[in-house]
Amino acid sequence: MSKVLRRRALCLGLVKELTLRQGTFTIQDVVNETGLPRTTVQDWIHRLVDEGFIRIIEESVGRKPARYAYVRDEAFPYLACKRIFTAVDLDAGIAEIYHECSSEGAVIFCAFEHFKAKGAIIEARYEGKFLRELTILGREREVASGASMAVERVDVVGDKVIQKIRAVGGPAHSLTETMRFARGLRELKVKPMQGYVEGIVVTDMLEHVTIGVDDTDSPDSGATWALTLALLNSLKGLVEEISHKVVHLNPNVKYKTVGNAASFIEVAVAPNKLNALISHSVNFLEKETYSDNTAVAFLKGLTIPDPLKSFANRARRMEVTVSEAERVAKKAGVSVYEVTGRRGMIGAVASLAFFRAPPEVLVNSEALLA
């Protein structure tokens, strides 16, 4: 075998091993394992990408290196699990695990099975092909007998979140085959046990942030929902996108363009990027809004403070003031910013209370939060 072919075989075998061991790998991982020059490794990785043996799972962003994974063949369902990431609320002792999947059917199945299994999961819900699972941190709860898949425990260690999960039969396939190709996964360890497969899933520790926006349109131009969606799209690379929602408030208020709807988005962000998120959002809205009364509000965490719920309910029943919105924001730990004016603070702050509300509550201005 020629020197070139030997080097190719060495690289291909190593990336298979790294993918099996870690789920994904970087060029530096291969350099560390082989001792070869970085330029040589980089060249071989790029060749194997071109040949279809390796897929780019996560593009490089700033100093964050690109992550790759070995792909067995073109029929391999590496896209079944598209993203896995986790937001942590240390004050509340909870975390929310997010899975973006290629199949709505698989998401519904996972939500049902994980919740039925109990374990660390206290709430499981799905939005299209997106699964959201609220979990208790640091406590291992008994798994229901006969469960096909379960999250047994979730812990925070340093800046990482570690999930201990178990699965049998078909659900175990997600552990052994498809999850390792998800963007956001930092490490995956799989261990066959007696009668089931145990998995350790490692993701970065992120913070959940809800961003409420209101009063960005004029009678002739713009739409708050559209600009808020544009804001979410502009944040790609800085955050993990979770959702974009529209919420109806009191339709009978004096100052409105059409139906008095505010909008909000949810993201998960690294703690050290929170200030950049706020700065970008304010600047983006200021540049793109059509209104002189635009405001934006930020709520960190996975729980909704009671004063915020009460304010949101009042904003659906009656006219409330900007001063009241500011007082509630301060009491609830909400950061609120005047972008081009103050009136938008009312809807921006009120919308934050609805990030766990189902669609029928979001669109019904007469429905109140419990």
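**Helix pairs and cores**

Colleague: How do helices α2 and α3 lie relative to each other?
Modeller: Keep in mind that this is a predicted model. The axes of α2 (residues 27-34) and α3 (residues 38-51) come within 9 Å and cross at roughly 125 degrees. Angles of 65 to 115 degrees count as roughly perpendicular and those over 145 as roughly antiparallel. The two helices are therefore oblique.

Colleague: Which class of residue has five members in the contact of α2 with α3?
Modeller: On the α2 side we've got Ile27, Gln28, Val30, Val31 and Thr34, and they meet Arg38, Val41, Gln42 and Ile45 in α3. Sorted by class, three are polar, one is charged and five are nonpolar.

Colleague: And α6 with α7, what's the handedness of that crossing?
Modeller: Helix α6 (residues 224-234) packs on α7 (residues 274-288) at about 135 degrees, with the axes 10 Å apart. That angle makes α6 oblique to α7. Their crossing is right-handed.

Colleague: How many residues does the largest nonpolar core have?
Modeller: Several elements each supply at least two residues of this core, including β12 (261-269), α8 (306-317) and α9 (322-332). Val349 is among the residues with the most contacts inside the core. Leaving out residues up to four places away in sequence, Val349 touches Ala297, Leu308, Phe311, Ala325, Ala329 and Val336. The core's total is 33 residues.

Colleague: What about the second core, how many residues are in that?
Modeller: This one is separate, and Leu235, Val239, Leu277 and Phe284 are among its members. Phe284 also sits in the α6 and α7 contact. The second core has 20 residues.

Definitions and conventions: Residues numbered from 1 in each chain as written. Predicted model: local features only at pLDDT ≥ 70, side-chain atom pairs only at ≥ 80, totals over all residues. Heavy atoms only, no water. Axes fitted to C-alpha atoms, helices over the stretch in contact; angles between N-to-C directions. Helix = DSSP H or I, 4+ residues; strand = E, 2+ residues; numbered from the N terminus. Parallel < 35°, antiparallel > 145°, perpendicular 65-115°, else oblique. Contact = heavy atoms within 4.5 Å. Nonpolar A, V, L, I, M, F, W, Y, C, P; charged D, E, K, R; others polar. Core = buried A, V, L, I, M, F, W, Y, C linked by side-chain atoms within 4.5 Å. Buried < 20%, exposed > 50% of the residue type's maximum accessible area, 1.4 Å probe, protein only. Left-handed = near helix turned anticlockwise from the far one by under 90°.
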